[in-house]
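This report describes one protein chain in plain terms.

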Amino acid sequence: MQTTTNHDIFDRHLRRMRRDRAAQNFTEHDFLYQQMAEELLDRLNDVKRNFGRVLLIGCPDSFLRDSLVATGMTVMCTDPGLANVRAMGGVQADEDALPFADACFDLVIACGTLDSVNDLPGALILIRRILRPDGLFLAAFPGAGSLPVLRGALLAGDGERPAQHIHPHIDVRSAGDLLSRTGFAMPVADSDTLTVRYSSIFSLMADLRGMGASNQLSSRPPHMTREQLGRAANAFAAAADPDGKTAECFSIIYMSGWAPDPSQPKAARRGSATISLAEALKGKS
């Protein structure tokens with residue numbers, strides 16, 4: 001298991017602790033995970049293939065595992081948090097240090113964790129390697145554009161000394177580029193938005209803690225003072241709708257790609273067309 005180094009963006013030990021702390025009452029704050037998990041299952045159902053051995057990355061509860069097992073798949077769970085893998089009978093590991101042999105899974109699903117991996121390109125390379133040829137990778141995680149109201153409120157609370165309370169996220173274009181760069185065939189990345197309404201900044205913070213998603217940065221800012229928290233709370237409340245609730249957005253990135261295999265369709269070589277676009281369009285008129 002890897003330890004945190006001076007070059008890590010995220011504190012690996014703190015990340016595990018956050019997930020372990022959230023494990024006991026996760027079902028009270030699982031709406032984001034459930035949204036991602038159900039969408040991943042829908043996308044998997046659209047794939048007309050049978051998958052035998054599956055690696056599930058991120059297992060804060062049994063929903064995804066049980067859903068996959070119900071279709072006849074054999075599922076191995078892994079998670080950065082010890083409490084989660086103990087409950088699921090899995091293996092504790094960081095995504096950029098997966099302890100599995102090459103070409104041993106038909107399907108890898110990562111739900112809700114890849115936004116806080118120190119070496120995301122390295123994690124994707126490992127995932128591609130542990131997939132058998134023509135194996136499928138599916139992922140979902142919070143992306144760029146998430147928590148805009150909270151970010152602004154915390155900035156207002158900090159005043160003249162702004163600090164980074166929420167880690168940066170990658171955008172959908174970067175996600176697609178990463179899939180291509182790390183060797184996946186037929187890469188696809190897209191995004192969706194989930195809006196949740198909160199009565200106060202503190203109920204939002206409670207949800208983030210409850211899902212294990214509070215600050216995990218290696219360079220953490222000092223705790224906000226009561227005065228700073230008060231300013232942040234007022235800024236959050238100022239963005240409320242007439243009913244007193246503030247709408248906050250979670251931007252979810254979805255990724256899919258295939259381990260390369262000679263049987264897969266290949267894009268036509270550039271310049272290999274035998275008919276011009278103008279001629280093709282004439283035939284449609």
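## The sheet

Seven strands form an open sheet with mixed pairing, in the order E3-E2-E1-E4-E5-E7-E6. Strands (E, at least two residues) and helices (H or I, at least four) are DSSP runs, numbered from the N terminus. Two strands pair if DSSP finds at least two bridges between them. At the edges are strand E3 (91-92) and strand E6 (185-198), each of which pairs on one side only.

Strand E2 (residues 74-79) pairs with E3 in the parallel sense, over two bridges. In this pairing, Thr-78 stands opposite Val-91 of E3.

## Basis of the model

The model is predicted: local features need pLDDT of at least 70 and side-chain atom pairs count only at pLDDT 80 or more, while totals for chains, interfaces and linings use all residues. Residues are numbered from 1 along each chain as its sequence is written, and side-chain values use heavy atoms, with hydrogens and water left out.

## Two packed helices

Two packed helices are described by the angle between their axes and the distance between the axes. Helix H6 (residues 148-158) packs against helix H8 (residues 201-210) at an angle of about 115°, and their axes are 12 Å apart. Axes are lines fitted to C-alpha atoms, for helices over the stretch in contact, and angles run from 0 to 180 degrees between N-to-C directions. The crossing of H6 and H8 is left-handed, a term used if the near helix is turned anticlockwise from the far one by less than a right angle.

Which residues of H6 and H8 make the contact? From H6 come Leu-150, Ala-153 and Leu-154, and from H8 come Ile-201, Leu-204, Met-205 and Leu-208. Contact means heavy atoms within 4.5 Å. By class, the contact has seven nonpolar, no polar and no charged residues. Ala, Val, Leu, Ile, Met, Phe, Trp, Tyr, Cys and Pro count as nonpolar, Asp, Glu, Lys and Arg as charged, and the others, Gly among them, as polar.

## The largest pocket

Rolling a probe the size of a water molecule over the atoms shows where empty space is left. On a 1 Å grid over the protein atoms alone, a cavity is a set of points where a 1.4 Å probe fits but cannot get out, and a pocket is an open set with protein on both sides within 12 Å along at least five of seven lines; lining residues have an atom within 4 Å of a point. Grid points are joined across faces, edges and corners, and a volume is the space filled by probe spheres set on the points.

The largest pocket holds about 970 Å³ of space. Its lining has 41 residues, of which His-165, Leu-208, Ala-213, Ser-214 and Asn-215 lie nearest the centre. H1 gives the largest share of this lining, four residues. The lining divides into 20 nonpolar, 13 polar and eight charged residues.

## The cavities

The whole structure has two cavities of 30 Å³ or more. About 50 Å³ lies in the largest cavity, where helix H1 (residues 12-23) gives the largest share of the lining, three residues. The second largest cavity has about 40 Å³, and its lining has two nonpolar, two polar and six charged residues.
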